[in-house]
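Biologist: I have a model on screen and want to learn to read it. Where do we begin?

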Amino acid sequence: MSTGSTNALPPAEVTDHDRAPAARVHSRRGRWRWLRHEWTLAVLGGLLLAVALTWPTMRHPASTIPGDIGDPTLQAWQMAWAGHAVLGNPFGLWNSNTFFPETYTYAYSDTLLGYAPAGMLGSGFEAALVRYNVMYVLVHALAFVGAYALVRQLGAGRWGGVVAGVAWAFAPWRLAHAGHLNILSSGGIALCLAMLARGHGWSLRHGYRPERRRPGWALAGWLVAAWQISLGFGIGLPLVYVLLVAVLVGIGAYGLSWWRRRERPPFGRRLLAADLAGGAVFGAVTLLLGLVYLRVVDLNPQAERSLAWTESLSPPLIGFITAPADSWLWGERHAAAREQLSWPPEMALLPGMTLLWLAVTGLVVSVYPVRHRVALGLGVLGTVLLGLGATLGDGDPGYLTLSRHLPGWDALRTPGRMMHWTSLLLAVLAAGTVTVLAEAVRRWSTRGRLRFLASVVLLVPLAMVALEGVNRTPHPVVPPPPAAMRAAEEPMVVLPATGGAYDLIFMLWTTDGFPRVTNGLAGFEPATQAQTKAATAAFPDPGSVAYLRSIGVRSVVALPGWAAGTPWEGIAARPVDGLGITREEIDGVLVYHL
């Protein structure tokens, strides 16, 4: 005993100098503890998954684009224009440089306005392509993080969150929309729901827990919802109605609880203030954007679509178990089923075979209470019935009923996009099942022989949902803008102005300086654009030159190599003598100065 005591100092003799090394080590460890935090790992994991499962998007981001040379070029221009306008002339945002001399042209399609901050980074054609490709990867990562956060808040475990996040963010049906960034940009839906649930202290597993209320999270949820709306009404408008219903149900439940208990349930003034402030911002953004779109319809009555569009784009039931052609695992296997679909890009709606199996199991085995499982199952059934559109009977009652009576719903002419909500509900159900499995595995793993087997069991559902998300999406090279575009004075016309994909490429070309052009492509054709096409079919001739001068056009850029099969075929051989204009050729492209 004496020997042991002489080798150790009494507690009173331990000095600050002796404690310092241990304290410094502890401090260093604490400083980097955030790297091991659940949410740091979730974000980093989401980014790595997104890069891997969207590959080869980031292989050549300055020259290629995922999907096709169509809508992606339009959306690359949209992001670039938003950043350019907000930095340079915010009040001129809606009057873009395309479709000259029309107004409110930026709102001719879903705007992706919420990506304006990204549009402020860099300038020019290559920057627009890199920006688009980076955002394409990031929207998948955000969808993963949003779904992960939602199911974690609702009571699922980490493994359940990972499986749900992968299953929702990389679902096979999303591969049909590789060229539609506005449709893929749905991560804000899950994220805002997660924040709102956290802010209000509510989960599926544990119900309402007043002590867990966080007004700041509630406010953040409303702001994220407003940002989601700014990415486009096509995906955002159903969120508006979901949140409206949630508010009404919440008010009803609060009043019922008050009436039953004869005392006011805990809610709190700070949370009420957060809801009122956040809801006001959300409502204002929704209203202002809605008014802009209504203004477009007022100026262009042909922009309004009849319900015949909804009827033609309503998928049959087989579409919900059919994968798009870009699915590596199911694409070729489901080729025969896709032949039964009149428009596969909007009707191949497979959420994932693994996800379906896990969700069905989740109705029986789950960490959620039975009543909540039933509610989730009814939600899946309801969204599927709405997603059928006019295929379900005649759609009334159903999707067409909403189109006739809910403000703005008639603009959502593609019922299959309800799959956002169907697959999210399926992911929540699946997370409940995986959480039960993970908790059982945790008990098994305490036994040495079962530890390895337990780990494999958990990896199987994760590996399967990831495998179903592997793509074979094409990544075509986008033609770069010709030098002649920089030599032409604005406003200009770029020929051939066919109104097809060429016009989308021309829009992207204008990101080098944003010269005003008559070109553009949207879901409808403005009256002046139709007149310009007709008037310039014989260009250059006296009539076309006079017309272009009358609307303010100063130059025409013609690409003879692109004009085969169009009214401008052979334009290089057409004389300009006596027209009062000059022509120059730059690298095979013609520039006419009016």
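**Reading the model**

Modeller: Begin with the surface. The protein chain has about 27,300 Å² of accessible surface, and carbon and sulfur atoms hold 64% of that area. Such areas come from the Shrake-Rupley method with a 1.4 Å probe; for residues, only the protein chains shown count as cover.

Biologist: What kind of model is this, and how are its residues numbered?

Modeller: This is a predicted model, in which local features need pLDDT of at least 70, side-chain atom pairs count only at pLDDT 80 or more, and totals for chains, interfaces and linings use all residues. Residues are numbered from 1 along each chain as its sequence is written, and side-chain values use heavy atoms, leaving out hydrogens and water.

Biologist: What is pLDDT, and what does the protein chain average?

Modeller: pLDDT is the predictor's confidence in each residue, from 0 to 100. Here the protein chain averages 90, and 93% of the residues score at least 70. Over residues 1–19 the pLDDT is below 50. Beyond near neighbours in sequence, that stretch has two contacts in the model (contact means heavy atoms within 4.5 Å). Where pLDDT is low, the predicted coordinates should not be read in detail.

Biologist: How many helices and strands does the protein chain have?

Modeller: Helices (H or I, at least four residues) and strands (E, at least two) are DSSP runs, numbered from the N terminus. The protein chain has 24 helices and six strands. Its C-alpha trace spans about 115 × 65 × 55 Å along the principal axes.

Biologist: What share of the residues is buried?

Modeller: Buried means under 20% relative accessible area, exposed means over 50%, and partly exposed lies in between (1.4 Å probe, protein chains only). Of the 594 residues in the protein chain, 51% are buried. Take Asn133, in helix H6 (residues 125–153). Asn133 counts as buried because its relative accessible area is 0%. Leaving aside neighbours within four places in sequence, its contacts include Thr57, Met58 and Pro61.

Biologist: Now a charged residue. Where is Asp110 found?

Modeller: Asp110 is in the loop between helix H4 (71–88) and helix H5 (116–119). Lys and Arg count as positive, Asp and Glu as negative; His and the chain ends are not counted. A salt bridge is a side-chain nitrogen of Lys or Arg within 4 Å of a carboxyl oxygen of Asp or Glu. Asp110 is buried yet has no salt bridge. The nearest side chain of opposite charge, Arg417, is 5.7 Å away.

Biologist: Which backbone nitrogen lies 3.4 Å from a polar atom of the Asp110 side chain?

Modeller: That of Phe233. Leaving aside neighbours within four places in sequence, Asp110 is in contact with several residues, among them Gln78, Asn182 and Tyr293.

Biologist: And the backbone itself? Which peptide bonds are cis?

Modeller: Look at omega. A cis bond joins Leu495 and Pro496, with omega about 10°. Pro496 lies in the loop between strand E3 (492–495) and helix H22 (501–509). The bond from Phe539 to Pro540 is also cis, with omega near 0°. Pro540 is in the loop between helix H23 (527–535) and helix H24 (542–550).

Biologist: Next, phi. Is Tyr104 buried or partly exposed, and what is its phi?

Modeller: Tyr104 is not a glycine, yet its phi is positive, about 55°. Tyr104 sits in the loop between H4 and H5. Tyr104 counts as partly exposed because its relative accessible area is 28%. Phe514 has a positive phi near 55°. Phe514 is in the loop between H22 and H23. Phe514 counts as buried because its relative accessible area is 11%.

Definitions and conventions:
Polar contact = N/O pair within 3.5 Å; in protein donor to acceptor, adjacent residues only side chain to side chain.
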